[in-house]
Amino acid sequence: MQNTETGGVQITAPKKRKRASSLDRIKARSGWFFVAPFIVGFLVIYLPVVFESMYFSFTDIKVQTGGGFLAEWVGFKNYQEALFEDADFALTLMGGIQQLLFDIPAIVIFSLFMAIILNQKMTGRAVFRAIFFIPVILATGIIDRIDQGNSMLDYMQDTGRNINTANQGNTDSTSGAVQIISAMDFRWLFMNMRGISMDLVVTIVNWVNNIYQIVNRAGVQMLIFLGGLQSISPTIYESAYMEGASSWETFWKITFPMISPMILVNAIYTVIDSFTSAQNTIMRLIEAVYDEPGGQVLSSAMAWIYFLIVVLILVVVGLIVSSFVFYQRREN
């Protein structure tokens with residue numbers, strides 16, 4: 001305090017001290033430290049390849065006699081050829097999108113169902129969790145490369161494949177592999193029920209006949225659901241049971257709303273996983289076109305078309321699932 005000429009008192013505010021970094025800021029810096037290798041690799045290695053692929057999709061490459069190549073700008077010519085002139089790409093693209101839309105609900109529903117079962121208290125729960133996650137480990141790295149040449153695995157993945165009966169001395173005759181169920185048998189089972197459409201029957205038949213692929217690709221989603229289920233406070237269930245709520249009501253009023261953010265995460269993950277799967281027919285077609293003479297530019301255009309369609313599917317799936325996602329509010 002200082003006295004002024006008029007006798008008043010002047011109060012000076014204390015100087016602000018420089019605040020030390022909070023714990024949250026320290027954690028944020030640590031997070032950037034751990035993701036720094038990915039960011040550097042993305043900017044230095046991956047991003048230039050992405051721009052180069054986009055540039056090649058608008059050009060026509062001509063190999064020079066003395067070595068090297070000349071890229072001539074042709075605009076959307078490669079995209080028009082991929083969509084309107086190459087019949088295989090259009091048919092494969094439609095089939096791949098239909099399969100993708102079929103895989104999303106099948107894998108998410110199955111993984112949620114198994115996560116709820118494995119979240120119950122039972123003997124050997126950790127062993128069962130490991131068993132369902134083993135296919136995820138086997139589908140990565142060198143084991144996946146070995147399995148690509150495994151005829152038995154191919155047969156298990158496609159139960160509808162025809163097997164040549166050469167041991168019967170007739171090379172023209174084939175016997176269809178027995179499917180788990182057929183659409184006609186399933187239709188006959190529900191023929192006396194009203195409101196059962198053939199489209200629903202065919203969808204359920206496809207789910208059952210592709211159970212191997214569904215189980216094989218539901219490991220990561222199941223673990224995400226398990227983490228979400230274990231984060232729900234047991235006191236919520238205890239309060240519901242004390243009020244007389246049944247297990248069915250508890251699932252739809254408590255479990256499903258609390259686990260809905262994980263449904264969004266798993267739906268997006270399933271789309272991306274299907275997009276990068278080794279069994280993806282569209283990716284195989286793009287690789288086959290790339291290996292053809294002069295097919296690098298056409299395959300680049302096909303890849304970007306497929307990428308934009310998958311991004312559009314991600315946006316649609318995100319908007320649909322986000323409409324019923326419940327986020328719990330936490331008091332500060």
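Trainee: At roughly what angle do the axes of helix H11 and helix H12 cross?

Mentor: In this predicted model, local features need pLDDT of at least 70, side-chain atom pairs count only at pLDDT 80 or more, and totals for chains, interfaces and linings use all residues. Residues are numbered from 1 along each chain as its sequence is written, and side-chain values use heavy atoms, without hydrogens and water. H11 covers residues 234–242 and H12 residues 247–275, helices being DSSP runs of H or I, at least four residues, numbered from the N terminus. Their axes (lines fitted to C-alpha atoms over the stretch in contact, with angles from 0 to 180 degrees between N-to-C directions) come within 11 Å and cross at roughly 165°.

Trainee: Which way does H11 run relative to H12, roughly parallel or roughly antiparallel?

Mentor: Angles under 35 degrees count as roughly parallel and those over 145 as roughly antiparallel. The crossing is at roughly 165°, which makes H11, relative to H12, roughly antiparallel.

Trainee: Which residues of H12 meet H11?

Mentor: Contact means heavy atoms within 4.5 Å. From H11, the partners are Ile236, Tyr237, Ala240 and Tyr241. On the H12 side they are Thr250, Ile254, Thr255 and Met258.

Trainee: Which helix gives the most to the lining of the second largest pocket?

Mentor: The lining has 19 residues, with Val49, Ser53, Ser300, Ala303 and Trp304 nearest the pocket centre. Helix H1 (23–56), helix H13 (281–291) and helix H14 (296–322) each supply at least two lining residues. The largest contribution, 7 residues, comes from H14.

Methods: Angles under 35 degrees count as roughly parallel, over 145 as roughly antiparallel, 65 to 115 as roughly perpendicular and the rest as oblique. On a 1 Å grid over the protein atoms alone, a cavity is a set of points where a 1.4 Å probe fits but cannot get out, and a pocket is an open set with protein on both sides within 12 Å along at least five of seven lines; lining residues have an atom within 4 Å of a point.
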